[in-house]
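Subject: Structure handover

Hello,

Here is the structure I promised to pass on. Please open it first, then read the notes below.

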There are 2 protein chains.
Amino acid sequence: MQLYTFFPSGSAYRVRIALALKGIDYEPVYVVGGRGGAGGASDLKKPEYLALNPSAVVPTLVDNGHVLTQTIPIMEYLEETHPEPALLPKDPPGRARVRAMAHVMVSDTHSLGTARVMNYLDEKLGLQKKTGHEWLQYWNQRGFGALEKMLAGNPATGAFCHGDTPGMADICLVAHGFVAEKFAVGLKPFPAVKGIYDNCMALAAFADTHPDKQPDNPANQ
Amino acid sequence: MQLYTFFPSGSAYRVRIALALKGIDYEPVYVVGGRGGAGGASDLKKPEYLALNPSAVVPTLVDNGHVLTQTIPIMEYLEETHPEPALLPKDPPGRARVRAMAHVMVSDTHSLGTARVMNYLDEKLGLQKKTGHEWLQYWNQRGFGALEKMLAGNPATGAFCHGDTPGMADICLVAHGFVAEKFAVGLKPFPAVKGIYDNCMALAAFADTHPDKQPDNPANQ
């Protein structure tokens, strides 16, 4: 299994965590994406990468010739092919709750702060850095605010988003929490989210796969 | 089963199609969302709706007291609780392909053109209508361009996104195709996408659930 990964990407971080939680060995393929290279051109628009991933985004996972894109579908695939430890509960309402929390992070929140969106605000709309920062803050506050309400006071919430084992929602919470803490709003206004974030970061699967620990991060070179 | 729906929402349209394809009866609850009412205030920020859906978005599905949000998780729930007719193939790589196409539409594309995002561009950034239109065109071209490459020439593509029966990817293609044709780019530059869109719209499950046919659409009142 090969994972095309780029250290600062919250999306690539999600899949690294999922592979680590499931104990799946893989070969990392380091590519340079938008806004993260030291002035270098993005690898994601090269024909050989576009042939794998026409959306020109990281990550891409290749398993026995199957080319897999989009992080939640990749996690669903890993869940189906490597069921244990599970990233989803067994009951349909519980699975729906976990997936909904994952989507609040990925579809509703992370999608509005990707490198390609920030590039558009910057280069095409010519917005000031401050305006871009307010944009990130607004969507992060809205996304984490919704997640906080889904977690706080719900009896299904435990040490993690759903019970006492980490799963798909925790992965998405942490990977976007990293982005939010780095670029915009911190997690302090969202105590249930922050408590789960801290519980996750105490685990090697979340800590060792963090962007700060990646070999392609210039800080480690 | 109750579906909180609002006629112009591409997201609510997705779930209406899924319920129709599976032949599931439900009670529609008509709510007014952002930008679509005839000058009326949104129902989505009222406390009783926020208690169901803290993200303040449509749709919400309630099944036997289980409150379900986010369209792809709702479709996964329906697939698990009402397996036939299936919205996903049986093999994990096929399921991953269908889910990835669904996510290209929902997470990468639709998320950038929702009422709340257009409101932000308009009200907080003060952008001209033309600039908002270019924004929609850009993301739609990018999203449908990626989907076109995932479909065209892939032997798994049939009359629909994956084989010859409609599923989760087709639902997301059509629901966003409706938005794209109405507000921004048409589908003509994307022949594989357009062919599948037309095949879907020939089916009652897609045509009868269309925003133009909804009882809460003022055109029908």
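Start with helix α3 of chain B. Its buried residues are Thr71(B), Ile72(B), Pro73(B), Ile74(B), Met75(B), Glu76(B), Tyr77(B), Leu78(B) and Glu79(B). The helix runs over residues 71-81, and nine of its eleven residues are buried, so the rest of the structure largely encloses it. Keep in mind throughout that this is a predicted model.

Now the two chains together.

On chain A, 31 residues are in contact with 31 residues of chain B. Four elements of chain A each give two or more residues to this side: β4 (66-69), α3 (71-81), α4 (92-106) and α6 (129-151). The most come from α4(A), which gives nine residues. By class, the side of chain A that touches chain B holds 16 nonpolar, nine polar and six charged residues.

Next, the domains of chain A. The assignment gives domain 1 as 2-84 and domain 2 as 92-207. Their centres, taken over C-alpha atoms, are 19 Å apart. Here, 13 residues of domain 1 are in contact with 18 residues of domain 2. On the domain 1 side, α1 (10-21) and α3 of chain A are the elements that give two or more residues. The largest share is that of α1(A), with seven residues. That side of domain 1 divides into seven nonpolar, four polar and two charged residues.

Chain A also has an open sheet. Its four strands come in the order β2-β1-β3-β4, with mixed pairing. The edge strands are β2 (27-30) and β4 of chain A, and each pairs on one side only. From one strand to the next, the twist averages 20°. Inside the sheet, β1 (residues 2-5) and β3 (residues 60-63) of chain A pair in the antiparallel sense over three bridges. One bridge joins Gln2(A) to its partner Val62(A) in β3(A).

Look at chain B for the hairpin. There, β3 (residues 60-63) and β4 (residues 66-69) pair in the antiparallel sense over four bridges. Asp63(B) has His66(B) in β4(B) as its bridge partner. Two residues lie between the strands of this hairpin, and Asn64(B) takes a positive phi near 50°.

One last stop is Gly167(B). You will find it in the loop between α6 (129-151) and α7 (168-183) of chain B. Is Gly167(B) buried or exposed? Buried: 26 other C-beta atoms lie within 10 Å, and a residue counts as buried at 20 or more. Leaving out residues up to four places away in sequence, Gly167(B) touches Leu87(B), Leu88(B), Val98(B), Phe160(B), Cys161(B) and His162(B). Leu121(B) is another matter. Gly167(B) and Leu121(B) are 46 residues apart in sequence, and their C-alpha atoms are 33 Å apart in space.

Over to you.

Best wishes

Notes
Residues numbered from 1 in each chain as written. Chains lettered and ligands numbered in written order. Predicted model: local features only at pLDDT ≥ 70, side-chain atom pairs only at ≥ 80, totals over all residues. Contact = placed C-beta atoms within 7 Å. Nonpolar A, V, L, I, M, F, W, Y, C, P; charged D, E, K, R; others polar. Pairing = 2+ DSSP bridges. Domains from an automatic or database assignment. Buried ≥ 20, exposed ≤ 12 C-beta atoms within 10 Å, placed from the backbone. Axes fitted to C-alpha atoms, helices over the stretch in contact; angles between N-to-C directions.
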